[in-house]
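Subject: Structure handover

Hello,

Here is the structure I promised to pass on. My notes follow below it.

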Amino acid sequence: MHLARFPRVRLFPAPTPLERLDNLSRALGGPTIWIKRDDCTVVATGGNKVRKLEWLIGEAKAQGATHIVTQGAVQSNHVRQTAAVARRFGMTCTALLEHRIDTNDRDYLGSGNVLLDKLFDCRIEYRPGGTDMNAAAEAKGAELRSGGAAVYVIPGGGSNPVGALGYVSCAQELMQQADEMGLRIDLIVTATGSAGTHAGLVVGLEGMNAQVPVLGIGVRLPRDKQEENVHRLACATADLVGMQGGIGRDVVVANCDYVGDGYGVPTKGMGEAVQMLAQQEGILLDPVYSGKAMAGLIDLIRKGSIAKDQTIVFLHTGGAVGLFGYTAFLEGALEAAC
């Protein structure tokens, strides 16, 4: 796969760190857990969407766009990172925020990512829960184009074949790091939501014949729907890069047992996972994606579903800014743990 054929902007110093979590591994009695620090992609406190935006903004610039339109939930990490990158390149950013969670919590509605969106001068519009948000973003883009704006629309999570190139590239980067370190990886675990990160990793690993499986821990949809979305995007991404043979359905695996009551709704396991990483390793997870993904990994280890002698890489997708939108829950979790 020759990714240099696609337009790209450079946004962060690569590679991101690959670190061993000795304290967490010891606390869980094995396996050996490593973490790929894509919370360290620098822009606007970092996160996995920065990788996707290298290719999405690259294409937007190549098309002459000056106005970015995107969408996400109220506390969207993606919107925050997109707004920041747009400003870096002198572009206007309009974001549609969905009230996906029924809440009047002031912290959720106004702090964390929302505050940063406003600092980046993002033009925010709200939509009710249940809206077809990608369709709404396309409609907003069409409206702005009719007024003369040069618009590029980015789907939620940056999850289309162009955005997924960020994680095709990440898979290549990770395996090069592992090879240089003499690290044999048995399993990669990450959050899976809008599907771009998961799909890109699968395509990159399959394209290298790395023979390293990926387990996505779902944060929103039931397993069958999540795997279907990831597989569809993986196939489209494989077509984009000209990969021979496509992507087998069997290599797309998600565990969606840790969603809880819904997307963005906190769970006890997420609260424990956030505390464990903070107190064992000094690393901040987020409450929507990496917190639930780590909760899943911890529970699977405790159940024995992941063997003690395996080597696991947890891909940290960032988003710690979102913790400030969940202040009351986290304070309660800390008090309960005392």
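Of the 338 residues of the protein, 57% count as buried. Please keep in mind that this is a predicted model. Along the principal axes, the C-alpha atoms fill a box of roughly 60 × 50 × 35 Å. Take the contacts between residues at least 6 apart in sequence: 80% of them join residues at least 24 apart. The secondary structure comes to twelve helices and ten strands.

The sheet

Six strands form an open sheet with mixed pairing, in the order β1-β2-β10-β7-β8-β9. The edges are β1 (18-20) and β9 (253-255); each has a single partner strand, so one side of each is left without a neighbour in the sheet. From one strand to the next, the twist averages 30 degrees.

β1 and β2 pair in the antiparallel sense, over three bridges. Glutamate 19 has isoleucine 35 of β2 as its bridge partner. On to β10: β2 and β10 run parallel and are joined by six bridges. Here isoleucine 33 is bridged to isoleucine 312 in β10. Five of the six residues of β2 are buried, so this strand is largely enclosed by the rest of the structure.

β8 (residues 214-218) pairs with β9 in the parallel sense, over three bridges. Glycine 216 has alanine 254 of β9 as its bridge partner.

Helices across the sheet

Two helices deserve a look here. Helix α9 (residues 223-241) lies across β7 (187-192) and β9, and runs at about 145 degrees to β9. Helix α11 (residues 290-303) lies across β2 (32-37), β7, β8, β9 and β10 (311-316). Its angle to β10 is about 165 degrees.

Aromatic pairs and charges over rings

How many aromatic pairs does a search of the whole structure find? The search finds two.

Tyrosine 108 and tyrosine 326 form an edge-to-face pair, 5.8 Å centre to centre, with 90 degrees between the planes. Tyrosine 108 lies in helix α4 (residues 106-110) and tyrosine 326 in the loop between β10 and α12 (327-337), so the pair ties together parts that are 218 residues apart in sequence. Tyrosine 108 is buried, at 5% relative accessible area. Tyrosine 326 is buried too, at 7%.

Tyrosine 263 and tyrosine 289 also pair edge-to-face, at 5.9 Å centre to centre and 70 degrees between the planes. Tyrosine 263 sits in the loop between β9 and α10 (268-281), and tyrosine 289 in the loop between α10 and α11, so this pair ties together parts that are 26 residues apart in sequence. Tyrosine 263 has a relative accessible area of 10% and is buried. Tyrosine 289, at 17%, counts as buried because the cut-off is under 20%.

Tyrosine 289 has a further contact to check: lysine 49 lies over the face of its ring, at 5.3 Å from the ring centre. Arginine 51 lies over the face of tyrosine 167, at 5.7 Å from the ring centre.

Backbone points

Proline 15 is in the segment before β1. Another cis peptide bond joins glycine 30 and proline 31, again with omega about 0 degrees. Proline 31 is found in the loop between α1 (22-27) and β2.

Two residues have a positive phi although neither is a glycine. Alanine 195 has a phi of about 95 degrees. This alanine is in the loop between β7 and α8 (196-207). Alanine 195 is buried, with a relative accessible area of 3%. For asparagine 209, phi is about 55 degrees. Asparagine 209 lies in the loop between α8 and β8. Is asparagine 209 buried or exposed? Exposed, at 54% relative accessibility.

Best wishes

Notes. Residues numbered from 1 in each chain as written. Predicted model: local features only at pLDDT ≥ 70, side-chain atom pairs only at ≥ 80, totals over all residues. Heavy atoms only, no water. Pairing = 2+ DSSP bridges. Helix = DSSP H or I, 4+ residues; strand = E, 2+ residues; numbered from the N terminus. Axes fitted to C-alpha atoms, helices over the stretch in contact; angles between N-to-C directions. Contact = heavy atoms within 4.5 Å. Phe/Tyr/Trp six-rings, centres within 6.5 Å; stacked < 30°, edge-to-face > 60°. Buried < 20%, exposed > 50% of the residue type's maximum accessible area, 1.4 Å probe, protein only. Lys NZ or Arg CZ within 6 Å of the ring centre and 35° of its normal.
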